[in-house]
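Subject: Structure for your review

Dear colleague,

Please find below the structure that I am handing over to you. A short account of the findings follows it.

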Amino acid sequence: MIPYPLPKVERFISIVSICGEGMLVFVVSGPSNGCAQFERSIVWTCQRGGDACKVFDEMSQRDTIAWCVMISYCIRNNRTRDALSLFNVMWSPSYKCEPNDVTCLLLLQACAHLNAMEFGERIHSYIMERGYGGAFNLSNSLISMYSQCGCYYCL
C-alpha cells in the first residue's frame, strides 16, 4: 500500500509536459492532488532551469525536503546566490520552515563557493544551537567554508 495519496492524472500530465523528454512517463491515477513527495521528485527530475522553478512555485506544500531539493538544484546549476536567497525565504516568518542538517550542509557549500563568511557564520551558529555540531559532514563543511573564506582561526 502506498503511504501517501497519489496525485491526479491531470497534474501528472501537466508536469510531464513542463519537464519535457527526460522523464519516464507512468500512468498514475488517484483521488487527491498536492502530494508533496511526488512534487519534490518532479522538481528533482526536471533538468531545465525554469522547469524546476516552475514546479516548485506551483507546489501546494513546501516542506524542508522540498526547499533542500531546490537549494541543491541552485547550487548544482551555479546559482549559488539564489540558493542563499531561497534559504532566507525558507526561514522567513511567511514560510516558517525549519532547516535541517542537510540544509546546513548545502548552505555551507554555497557559502564556501561565494566566500560568504558572514552567512556561513550564521549557519554555524544555527548548527551549534540545534545540536548538529557533532556531525562529521557538517564539521568538514565548516572547515572547508572557513578555509575557503580565508579564516583559519575561526573554528
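Predicted model: local features only at pLDDT ≥ 70, side-chain atom pairs only at ≥ 80, totals over all residues.

A polar contact is a pair of N or O atoms within 3.5 Å; within protein, one atom must be able to donate a hydrogen and the other to accept it, and residues adjacent in sequence count only if both atoms are side-chain atoms.

Residues are numbered from 1 along each chain as its sequence is written, and side-chain values use heavy atoms, with hydrogens and water left out.

The chain as a whole

The protein chain has 8 helices and 0 strands; both are DSSP runs numbered from the N terminus (helices: H or I, at least four residues; strands: E, at least two). Of its 155 residues, 43% count as buried, that is, under 20% relative accessible area, where exposed is over 50% and partly exposed lies in between (1.4 Å probe, protein chains only). Contact means heavy atoms within 4.5 Å. Among contacts between residues at least 6 apart in sequence, 57% join residues at least 24 apart.

Ser92 is placed in the loop between α5 (80–90) and α6 (101–114). Ser92 counts as buried because its relative accessibility is 16%.

At the start of α6, a side-chain oxygen of Asn100 comes to within 3.0 Å of the backbone nitrogen of Val102. The 14 residues of α6 reach 20 Å from first C-alpha to last, close to the 20 Å expected at 1.5 Å a residue; the expected span is 1.5 Å times one less than the number of residues. After α6 comes Asn115, with a positive phi near 55°.

Which elements do the buried residues of α6 pack against? They pack against α4 (64–76), α5, α7 (117–130) and α8 (136–148). The buried residues of α6 include Leu105, Leu108 and Ala112.

Thr80, in helix α5, is buried because its relative accessibility is 6%. Leaving aside neighbours within four places in sequence, Thr80 is in contact with Cys74, Ala110, His113 and Leu114. Of these, Ala110 is among the buried residues of α6.

Yours sincerely
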